[in-house]
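Dear colleague,

I am passing on the structure we spoke about, together with notes on what was found in it. Please read the notes with the structure open beside them.

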Amino acid sequence: MSPATMIESKSARTPSAETGAILVTGAGGEMGHALLDALAKRYHGAREVIAMDLRELPADRAAHASATYAGDVSDPTVAEAIALKHDISEVWHLAALLSTRGEKSPELALKVNVMGSANMLKLAAESASRRGTAVKFMFPSTIAIYGVPTLDAKRAAGRVSEDRCLEPITMYGVNKRAVEEMGRYYARHYRLLASDRLDCTVDFRSIRFPGIISADTVPTGGTSDYGPEMLHAAAQGKPYACFVRPDARIPFMTMPDAVRSLMELADAPREKLSRLVYNVGAFAPSAAEIATKVKEFFPKAEVTYAPTLERQRIVDSWPEDVDDSAARRDWGWKPEHDFDRAFAEYIVPKIRARYGC
Ligand code: AKB
């Protein structure tokens, strides 16, 4: 998409440019939705928030941003046009094609997930050198960067720490891992030979997220989607055929915890961070344990199992849980919602209000 076809709209709000602008890509996606809310609550319009998505944002979402852009992250001219108009001091780069979608169109996933990220990293690096200060780059990575070869290996691996089992089997996992490495390059090596300035680089910070459950939105294109799909189906009184076996186990967390973790990592003093990329965990139920919990709250829920080869294979390659001790030690990560509290205090009350059940 050329800048000429990029749609821009502005709300009436006049932001302060004192601290620079925050650019959020993928603002129309599940996490973008929750992050825009959180940024609006935090800054109340006192900070410029620029929301970008492939499609134009609905008016209620756009109201949370000071400017919105519809454009393709993989088109370098879009990033260039945004950088010309705004003094970007933070990039929250959420735009991506998820794992199941990525396996359907691997080349498209490569283009969006890797080229899109390369464009945003370049934008951040150039903004940093223009501003003479580091530009923060927040990047949601994923448990899909891990790959265990067999179910026995998965059981033996247990809670996987950041530097083990790095052999992803999906294009999405490969892409996210590549961007983690590109982030490391931009944070630690880019242009340092030429300028010697460590203070005006990309301050890359990333979290490898597990499956995320939101009570407000239903995910699309992911492989951890069976968790949230099961819940949203039960709340609407619809039967659900789960696409993985009952014993399939991966880590999950709630959307409020996921957004809070990104914000806490963004706020952490750089010198406290021993890594660029962190695991975060919360709970790690099997599909059958999610179904049992769903039935506690929605006794009429109908869950059957119809595993599909491709999606089961992906879930089997992901670890059953993650070791997040580095995040806990370095920046005090602690999930608010364990499995019981996630349902009792967040998912069920919100989902009941949403569907009126
Ligand atoms: C997916 O299923 O692709 C994502 C993820 C685990 O990153 N939700």
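The shell around the ligand is made up of four nonpolar residues, five polar ones and no charged ones, where Ala, Val, Leu, Ile, Met, Phe, Trp, Tyr, Cys and Pro count as nonpolar, Asp, Glu, Lys and Arg as charged, and the others, Gly among them, as polar. This is a predicted model, in which local features need pLDDT of at least 70 and side-chain atom pairs count only at pLDDT 80 or more, while totals for chains, interfaces and linings use all residues. Residues are numbered from 1 along each chain as its sequence is written, and side-chain values use heavy atoms, with hydrogens and water left out.

The shell consists of Leu 98, Ser 99, Thr 142, Ile 143, Tyr 172, Gly 222, Thr 223, Ser 224 and Trp 318, a residue being counted if one of its heavy atoms lies within 4 Å of the ligand. Polar contacts here are pairs of N or O atoms within 3.5 Å. A polar side-chain atom of Ser 99 is 2.5 Å from a ligand oxygen, a side-chain N or O atom of Tyr 172 lies 2.7 Å from a ligand oxygen, and a polar backbone atom of Thr 223 is 2.6 Å from a ligand oxygen. Of the 250 Å² of accessible area that the ligand has on its own, the protein covers 92% (Shrake-Rupley method, 1.4 Å probe).

The protein is divided into domain 1 (7–211 + 254–279) and domain 2 (213–252 + 282–318 + 337–352), with bounds from an automatic or database domain assignment. Both domains give residues to the shell, so the ligand lies between them. Their C-alpha centres are 26 Å apart, and 22 residues of domain 1 are in contact (heavy atoms within 4.5 Å) with 27 residues of domain 2.

The largest nonpolar core has 79 residues, and Val 24, Met 31, Trp 92, Phe 209, Tyr 226 and Trp 331 have the most contacts inside it; such a core is a set of buried Ala, Val, Leu, Ile, Met, Phe, Trp, Tyr and Cys residues joined through side-chain atoms within 4.5 Å, buried meaning under 20% relative accessible area (1.4 Å probe, protein chains only). This core draws at least three residues from each of domain 1 and domain 2.

Best regards

How values were computed. Polar contact = N/O pair within 3.5 Å; in protein donor to acceptor, adjacent residues only side chain to side chain. Buried < 20%, exposed > 50% of the residue type's maximum accessible area, 1.4 Å probe, protein only.
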